[in-house]
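Please read them with the model open.

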Amino acid sequence: MRIDILTIFPEMFDGPFSHSIVKRAREKGLVDIHLHNIRDYATNKHRRVDDYPFGGGAGMVMMIEPVLNCINDLKNSREYDEIIFMTPDGELFDQPTANQFSTLKNIIMLCGHYKGIDERLREHVITREISIGDYVLSGGELAAAVVTDSIVRLLPGVLGDETSALSDSFQDGLLSPPVYTRPADYQGWKVPEILLSGHDRNIAEWRHEQSLDRTKKRRPGLLENQ
Ligand code: ADE
């Protein structure tokens, strides 16, 4: 899978993309991530990427031209399945959407800044608009890093069987059960007896009950979709 990210702060991705699972997936060639500085596509003298909003008001608006130059450049080389704009007024990102994105071949993610992007880009160029939650970030970069991470870990070969993404919270619509490791007794804090019993079927049942119980208590809304 190839992911092209359009941003005015490419350095913001250095951390999230050069550690842990995303780093390994890139090294193994399982995902091809490219960062593009939108400023490099500005044709005006000062490499401006934003301008004042028509009609007045606070904040700046990202201009059409630099963004479109970059997108068209990419589109000349390959077809894209989705051109995604990261924005707090987009559709709420969730596990089914991550699953769906992970099946695509080429996607573009556009990170907004300032007051937003010129609406005509949203009308004519953007194919999906995604929010990672009902709060406002300073820009779309952190959101794009979150979405990328959630997609990459689903790509075939990225996680081993033992850490399969299929056992994640949300993957079956339920939260994950609690987990424990050694020691079995930490100064009187004991691991549930059943996990030490060696009865695989009983353990699986117990974990499922715990998942249901947690979901009921913490996220009852998830059970309505079951
Ligand atoms: N840009 C700013 N806030 C955002 C959010 N919550 N989700 C996605 N992109 C954003």
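1. Some conventions come first. Axes are lines fitted to C-alpha atoms, for helices over the stretch in contact, and angles run from 0 to 180 degrees between N-to-C directions. Contact means heavy atoms within 4.5 Å. Helices (H or I, at least four residues) and strands (E, at least two) are DSSP runs, numbered from the N terminus.

2. The model is predicted: local features need pLDDT of at least 70, side-chain atom pairs count only at pLDDT 80 or more, and totals for chains, interfaces and linings use all residues. Residues are numbered from 1 along each chain as its sequence is written, and side-chain values use heavy atoms, with hydrogens and water left out.

3. Start with the sheet. It is open, parallel and five-stranded, in the order β2-β1-β6-β5-β8. Strands count as paired if DSSP finds at least two bridges between them. β2 and β8 (128-131) are the edges, each pairing on one side only. From one strand to the next the twist averages 30°.

4. Look at one pair in detail. Five bridges join β5 and β6 in the parallel sense. Glu82 stands opposite Ile107 of β6.

5. Two helices deserve a check against the sheet. α3 lies across β1, β2, β5 and β6, at about 165° to β1. α6 (residues 141-152) lies across β1, β2, β5, β6 and β8, at about 155° to β6.

6. For the 14 residues of α3 (64-77) that gives 20 Å, and the end C-alpha atoms are 20 Å apart, which agrees.

7. Now the interior. A nonpolar core is a set of buried Ala, Val, Leu, Ile, Met, Phe, Trp, Tyr and Cys residues joined through side-chain atoms within 4.5 Å. The largest has 29 residues; Ile5, Met86, Phe101, Met109 and Val147 touch the most other members. α6 gives the most to this core, with six residues. Apart from it lies another core, of 19 residues, including Ile8, Val49, Ile83 and Ile108.

Conventions. Expected span 1.5 Å × (residues − 1). Buried < 20%, exposed > 50% of the residue type's maximum accessible area, 1.4 Å probe, protein only.
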